[in-house]
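Subject: Structure for your review

Dear colleague,

Please find below the structure that I am handing over to you.

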Amino acid sequence: MITRLLVANRGEIARRVFATCRALGVATVAVHSDADADAPFVAEADHAVRLPGNTPAETYLRIDLVLDAARRSGADAVHPGYGFLAENAEFAAAVTDAGLTWVGPSAKAIAAMGDKMAAKALLADAGVPMLPTWTDPDQVTAFPVLVKASAGGGGRGMRIVRDAAGLAEAVAGARREAAAAFGDGTVFIERYVERGRHVEVQIFGDTHGTIVALGVRDCSIQRRHQKIVEEAPGVLPDEVRERLHSAAVAAGRAVDYVGAGTVEFLLAPDGQVHFLEMNTRLQVEHPVTELTTGLDLVRLQLLVADGEPLPVPATPAPQGHAIEVRLCAEEPAEGFRPATGTLHRFAIPGVDAEFGPTRALRLDSGVVDGSTVSVHYDSMLAKLVAWAPTRTEAARALAGALARAELHGVATNRDLLVRVLRSPEFAAADVDTGFLDRHPEVFAPLLPADQLPVVALAAALSGAAARRAAAPVLAGLPSGWRNVPAHPQVTRFTDIEIHYRLTRTGALAEWTRKGPLLTDSVEERAPLDSELPVVELVSADPDRVVLDVDGVRRAFRVHRVGSSVFVDGPDGAASLTELPRLPRPTAELAAGSLLAPLPGAVTRVHVEVGQRVAAGDLLLTLEAMKLEHPVLAPADGVVAELPVAPGGQVETGAVLAVVDPEEDPQ
């Protein structure tokens, strides 16, 4: 019987496993890098062991260090979570060889499914339907195709190629990314199905020969081949659902599968089902299965690992509908590149439960207020899951909770997720893997651009209220009030400045705005008084401002951290940076400088100094947060400087290249 469980992982999955362990009375052990020393999962464990270093290669991927941590902490079992070593057959074998209980499938099953090409051959013999697949780029005769990593998952290493001209570069890029993410650069090429749906079946097996399908999830909405919205049960004809269940169970039986696993399929528009891969671990999206079946899948993992028979003899009928979104630290304005920083506030209203299978609004999070989002790990912050009797109700509840969330300090993909959930196409279950490509409108921020001045006014008034509250004398006077007013109060933010004047009673007498501040061109400034709504000040406190805007009252929540001002209102959220009234002089960068958007390593440099480039040409590649980030020429010109070299480490804001723009001949 398992009495003390070590989780060889971090973040929200470690917290998820610990939650079930607490309910079962199982003691817990965390392992952590130096970067994660103060993370919530470490604080929640009964025991914690440091793995010296920061990067995954130094810490969570070190089998020897993890096993030593198990020995020193007295753990008698190991749960791999997902990612890192979760699908590493060598790790599974090492755990069992050390006399510990392995919470997962056998090393043999992991190895069989870990080599995706070998897995395809094995399961094809078992009657599971397959897509055409190649290992040699020269053998590919039909396009489009998808280049995929043979090891690992999560969309890393994937490239869609639509013609032969781009295949060689796609294969090379996929190999580099796969090697960086999984330590294995092997890739293969698979026929790409347009408008296919990514569906998957949760299976569970025990040591007594039982293998059960626990329903179908739809994970079609993806960005960069990574799932961002998942739901159960998938909206499918019953006949297709039964075929998926049968194929998934056949895949499990082919390798005598034990524990939790997921068999992934591509559902073509014509109804044909094609095997993609089998993930020999618990999936990120397992909560939607838990909420629609009422089962705690981590509890089942522990029971099966203890040799108990699976208490689910047949596929349970789904109850209601569950939808999950992956909330990630990403910069929407910069192509959703991973973001880093300090999460000053992380608050989602209406959450009924954390981590457990309670049917309500559920949050599985790896972060709390004050957490640091590091460059060393994946960008996912949390999963928010809503259950309701119907799909429509679940989507509405989930979108509403996300829209009201206070997410301050690190940019996220929240607005994208809300727009997807509220889109007519999602409501109609008209989804496939190309959903985001066909619907660019969902990438628009929730806050309309014409509402930014009102939000900035609320931020300015909250700042004035904060200054008056902190004033040592005459704190009751309105901020900036004069007996003989001459000039309005001015609050400058990075992209907009607000001018306003208060009366002696504290009422808003007038207000205007300018913007953007990044140019001195009068023509490019917004007119001072054009189309501004009529605003009356109802109340202003340091953390809450209520305005009457064209006869409609709106409340804004305001949170200030240094010069950063975070405003959450009924129409969306905004992050503003207040500028000092007397800014200090700073050194100017050379025109055409390209800066590192986040810390990382330069993997390749494609150009040299003096080379002529065109707008959009690839200059170099930066690797950070397990992804490759291309750095492109912003305009036609000549490469003037290249201060970095392949293998070099750079910090945020470092100059990567300088491109002198070509003069316009006219």
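The notes that follow go from the whole chain to single residues.

This is a predicted model, in which local features need pLDDT of at least 70 and side-chain atom pairs count only at pLDDT 80 or more, while totals for chains, interfaces and linings use all residues. Residues are numbered from 1 along each chain as its sequence is written, and side-chain values use heavy atoms, with hydrogens and water left out.

The whole chain

The protein chain holds 15 helices and 42 strands; these are DSSP runs numbered from the N terminus, with helices being H or I of at least four residues and strands E of at least two. Its radius of gyration is 27 Å, close to the 26 Å that the globule rule gives for 666 residues, so the chain is as compact as a globular protein of that length. This radius is taken over C-alpha atoms, and the globule rule is 2.2 Å times the number of residues to the power 0.38. Along the principal axes, the C-alpha trace spans about 90 × 60 × 55 Å. Of the 666 residues, 51% are buried (under 20% relative accessible area; exposed is over 50% and partly exposed in between, with a 1.4 Å probe and protein chains only).

An open sheet

Five strands form an open sheet with parallel pairing, in the order β3-β2-β1-β4-β5. Two strands pair if DSSP finds at least two bridges between them. At the edges stand β3 (47–50) and β5 (101–102), each with a single partner strand, so one side of each has no neighbour in the sheet. Strand β2 (residues 27–32) runs parallel to β3 and is joined to it by four bridges. Val29 has His47 in β3 as its bridge partner.

Backbone details

Most residues other than glycine have a negative phi, and most peptide bonds are trans. The following residues depart from this pattern.

- The peptide bond from Phe143 to Pro144 is cis, with omega near 5 degrees; Pro144 is in the loop between β6 (133–134) and β7 (145–149).
- The bond from Ala232 to Pro233 is also cis, with omega near -5 degrees, and Pro233 lies in the loop between β14 (229–232) and α8 (238–254).
- His225, not a glycine, has a positive phi of about 65 degrees. His225 is partly exposed, with a relative accessible area of 22%.
- Asp256, not a glycine, has a positive phi of about 50 degrees. Asp256 lies in the loop between α8 and β15 (259–267) and is exposed, with a relative accessible area of 62%.

Yours sincerely,
A colleague
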